[in-house]
Protein chains: 2
Amino acid sequence: MKKILNEPANVVGDALRGMALAHPDLVRVRTDPALIVRADAPVRDTVAVISGGGSGHEPLHGGFVGPGMLSAAVPGPVFTSPTPDAVQAAISQAEGGAGTLLVVKNYTGDVLNFETAAELASAEGTEVRTVVVQDDVAVRDSTHTAGRRGVGGTVLLEKIVGAAAQQGTDLDGCHRLAERVSERVRSMGMALTAPTVPHVGEPSFTLDEDEMEIGIGIHGEPGRERVPLDNADGIVRRLLDPVLEDLPFTEGDEVLLLTNSMGGTPLMELYLAHGVAERLLAERGIRVQRRLVGPYTTSLEMQGLSMTLLKLDAELTELWDSPVHTPALHW
Amino acid sequence: MKKILNEPANVVGDALRGMALAHPDLVRVRTDPALIVRADAPVRDTVAVISGGGSGHEPLHGGFVGPGMLSAAVPGPVFTSPTPDAVQAAISQAEGGAGTLLVVKNYTGDVLNFETAAELASAEGTEVRTVVVQDDVAVRDSTHTAGRRGVGGTVLLEKIVGAAAQQGTDLDGCHRLAERVSERVRSMGMALTAPTVPHVGEPSFTLDEDEMEIGIGIHGEPGRERVPLDNADGIVRRLLDPVLEDLPFTEGDEVLLLTNSMGGTPLMELYLAHGVAERLLAERGIRVQRRLVGPYTTSLEMQGLSMTLLKLDAELTELWDSPVHTPALHW
């Protein structure tokens with residue numbers, strides 16, 4: 001295993017300490033339980049938007065903590081859900097008296113642990129709502145999920161709902177908005193190579209030199225099909241076609257396109273794929289109004305990418321454009 | 001070769017078209033010759049700061065084009081210098097009547113081609129100065145270089161000098177500032193894996209599963225030594241010790257620390273290494289006042305990292321902090 005690590009078992013805490021040193025103006029970090037919290041938390045009379053899940057998908061979610069996005073993030077061990085206690089600790093650190101919205105990617109462990117945390121926090125008098133993101137159109141159920149998985153669309157939801165919370169939208173409003181984004185966002189990903197979990201020490205799966213996995217999950221879960229390596233046009237078409245058909249997205253729709261690196265993809269290849277996607281969408285009469293290109297929902301060093309489309313409207317566009325100050329998104 | 005490409009020979013142009021679509025508000029792109037220019041260029045009565053070099057190091061340099069940083073970037077083919085004609089075209093697109101500063105990484109091809117371009121532009125009446133960045137302490141000469149190579153320090157220089165140009169500093173002032181940053185910045189890098197150049201189709205070198213290369217260049221040029229894989233503490237020490245000794249950086253110095261991914265390193269490992277570096281510097285009494293952590297000077301999908309230290313003063317810190325609006329740096 002070729003990694004830059006000290007003790008594999010301590011990788012999450014060690015990385016969090018480095019992150020805290022890198023962004024002292026934006027975040028505070030705790031390592032037991034592992035938490036990343038806005039430096040100015042709790043923000044009084046503002047809905048706390050909190051997410052989390054297994055580590056290894058950085059910058060998701062800790063890189064999105066800061067004004068205009070998340071109030072806190074709860075990183076579990078690599079590819080493993082955080083405990084209910086950790087989620088509850090995040091709620092109590094970030095909660096400013098206006099309630100908490102939990103943003104949960106649809107993986108069985110996350111759903112259960114965030115639900116338990118919500119019950120614990122409710123019992124202590126905090127109002128908690130939950131949105132479960134399930135934007136991945138690749139498979140109906142998977143190794144870690146009943147129903148669709150939550151992937152890249154989570155980033156867009158966290159940005160938009162975080163902006164609304166920052167502007168003073170109440171818990172009901174944030175929750176309705178989150179459900180609305182969730183209904184309008186779809187994703188699909190692919191991989192050329194496998195990630196290696198530090199405490200496992202071996203690649204999560206094997207792909208031959210001339211193979212790729214279409215519909216891959218962000219933990220290396222199997223996708224729709226393992227097929228011969230194709231060129232960029234073919235790869236992007238295999239991701240966008242199912243995404244477009246699913247909602248469906250149709251001619252005249254205005255969209256946000258996220259071209260997301262799975263971690264190890266060179267930026268050159270990512271921009272190239274983004275260009276292919278924009279041209280395919282233009283051919284269908286779908287109007288790309290906003291874009292985000294980069295590594296935002298990753299799977300350690302896995303090479304590959306995912307495409308996410310969000311159907312925009314005036315409100316979502318305004319919330320997307322509003323200021324954000326986090327380690328990974330900043331405008 | 002596992003890459004997301006169409007025709008390997010067209011990869012730079014294809015990626016540039018995607019980049020133009022991704023950032024229509026920030027940059028304009030041309031593909032023959034390949035250029036990335038500020039959307040609002042030329043900016044009247046403002047020094048044009050222009051850089052370039054072989055592609056494959058993204059976001060360097062095109063990702064740093066925009067207000068507060070570069071006026072234009074000239075990407076050559078992958079790991080190959082741009083032609084003098086291309087550099088001259090960038091000068092004529094970006095030049096606003098206050099002269100041009102060329103920022104050149106010290107590789108023989110780049111130095112020659114930028115020099116020729118400077119002569120061509122001068123003959124047409126444009127005042128041109130050049131700074132050659134040579135921050136890599138790893139080796140004295142290398143495969144592609146007489147003297148030290150230019151690596152991660154280039155990003156810091158481009159940000160600081162770009163800020164000064166944006167504030168109206170004249171060509172003499174920008175040139176002196178660039179020389180001053182160049183004198184105060186030092187770097188060293190390492191690799192766990194090799195990059196694959198698209199038109200070559202095979203990894204640039206081979207490393208055994210238990211080996212790493214210390215002092216690697218950003219084109220996979222050999223470094224100081226090939227040694228057994230070490231833990232993060234050992235790796236960071238092997239990079240920082242030579243950097244500290246070289247300037248030297250000493251107790252009480254205030255510095256900017258750039259912890260740079262070579263491309264394929266997970267953000268988790270990068271933050272972990274950053275934390276190690278900050279602790280090592282604190283032990284030596286060196287005060288980290290600013291930091292940048294991420295993939296800024298890469299070598300395609302190579303896994304590894306580099307550490308860059310810049311000795312700050314009040315002027316450099318103010319210029320670092322001033323606003324920047326580019327695809328890859330934004331605050």
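# Briefing: helix packing, salt bridges and burial

Helices α2(B) and α3(B) are oblique to each other; angles under 35 degrees count as roughly parallel, over 145 as roughly antiparallel, 65 to 115 as roughly perpendicular and the rest as oblique. The model is predicted, so local features need pLDDT of at least 70 and side-chain atom pairs pLDDT 80 or more, whereas totals for chains, interfaces and linings use all residues. Residues are numbered from 1 along each chain as its sequence is written, chains are lettered from A and ligands numbered from 1 in the order in which they are written, and side-chain values use heavy atoms, with hydrogens and water left out. Helices (H or I, at least four residues) and strands (E, at least two) are DSSP runs numbered from the N terminus.

**Helix pair within chain B**

- Helix α2 (residues 84-94) of chain B packs against helix α3 (residues 108-123) of chain B at an angle of about 50°, and their axes are 8 Å apart. Axes are lines fitted to C-alpha atoms, for helices over the stretch in contact, and angles run from 0 to 180 degrees between N-to-C directions.
- The crossing of α2(B) and α3(B) is right-handed; a crossing is right-handed if the near helix is turned clockwise from the far one by less than a right angle, and left-handed if anticlockwise.
- On the α2(B) side, Pro84(B), Asp85(B), Val87(B), Gln88(B) and Ile91(B) take part, and they meet Asn113(B), Phe114(B), Thr116(B), Ala117(B), Leu120(B) and Ala121(B) of α3(B). Contact means heavy atoms within 4.5 Å.
- The residues in the contact of α2(B) with α3(B) comprise 7 nonpolar, 3 polar and 1 charged. Ala, Val, Leu, Ile, Met, Phe, Trp, Tyr, Cys and Pro count as nonpolar, Asp, Glu, Lys and Arg as charged, and the others, Gly among them, as polar.

- α7(A) and helix α1 (residues 11-22) of chain B pack at an angle of about 65°, their axes lying 7 Å apart.
- The crossing of α7(A) and α1(B) is left-handed.
- From α7(A), the contributing residues are Met268(A), Tyr271(A), Leu272(A), His274(A), Gly275(A), Glu278(A) and Arg279(A). Those from α1(B) include Val11(B), Val12(B), Asp14(B), Ala15(B) and Arg17(B).
- By class, the contact of α7(A) with α1(B) holds 9 nonpolar, 3 polar and 4 charged residues.

**Salt bridges**

- Over all chains, the whole structure contains 40 salt bridges, each defined as a side-chain nitrogen of Lys or Arg within 4 Å of a carboxyl oxygen of Asp or Glu.
- Arg129(A) pairs with Asp172(A), with the closest N and O atoms 2.6 Å apart. The pair links distant parts of the chain, 43 residues apart: Arg129(A) is in strand β6 (residues 128-133) of chain A and Asp172(A) in helix α5 (residues 171-184) of chain A.
- Asp172(A) counts as partly exposed at 37% relative accessibility; buried means under 20% relative accessible area, exposed over 50%, and partly exposed in between (1.4 Å probe, protein chains only).
- Asp241(A) and Arg284(A) form a salt bridge of 2.5 Å, N to O. Asp241(A) belongs to helix α6 (residues 232-246) of chain A and Arg284(A) to the loop between α7 (267-283) and β11 (287-294) of chain A, so the bridge ties together parts 43 residues apart in sequence.
- Asp241(A) is partly exposed at 22% relative accessibility, and Arg284(A) is partly exposed at 36%.
- Asp253(A) and Lys311(A) form a salt bridge whose closest N and O atoms are 3.7 Å apart. Because Asp253(A) lies in the loop between α6 and β10 (254-261) of chain A and Lys311(A) in strand β12 (residues 304-311) of chain A, the pair ties together parts 58 residues apart in sequence.
- Asp253(A) is buried at 9% relative accessibility, whereas Lys311(A) is partly exposed at 26%.
- Arg180(A), Arg184(A), Asp313(A) and Glu315(A) are joined into one network by salt bridges that share partners.

**Burial and surroundings in chain A**

- Helix α2 (residues 84-94) of chain A is largely enclosed by the rest of the structure, because 8 of its 11 residues are buried.
- The buried residues of α2(A) pack against β2 (34-38), β3 (48-55), β4 (72-78), β5 (100-105) and α3 (108-123) of chain A.
- Ser299(A) lies in the loop between β11 and β12 of chain A and is buried, with a relative accessible area of 0%.
- Beyond its neighbours within four places in sequence, Ser299(A) contacts residues including His57(A), Phe79(A), Pro195(A), His219(A) and Met262(A).
- Glu179(A), in helix α5 of chain A, is partly exposed, with a relative accessible area of 30%.
- Not counting residues up to four places away in sequence, Glu179(A) touches Thr130(A) and Val131(A). The C-alpha atoms of Glu179(A) and Thr130(A) are separated by 9.4 Å, although the two residues are 49 residues apart along the chain.
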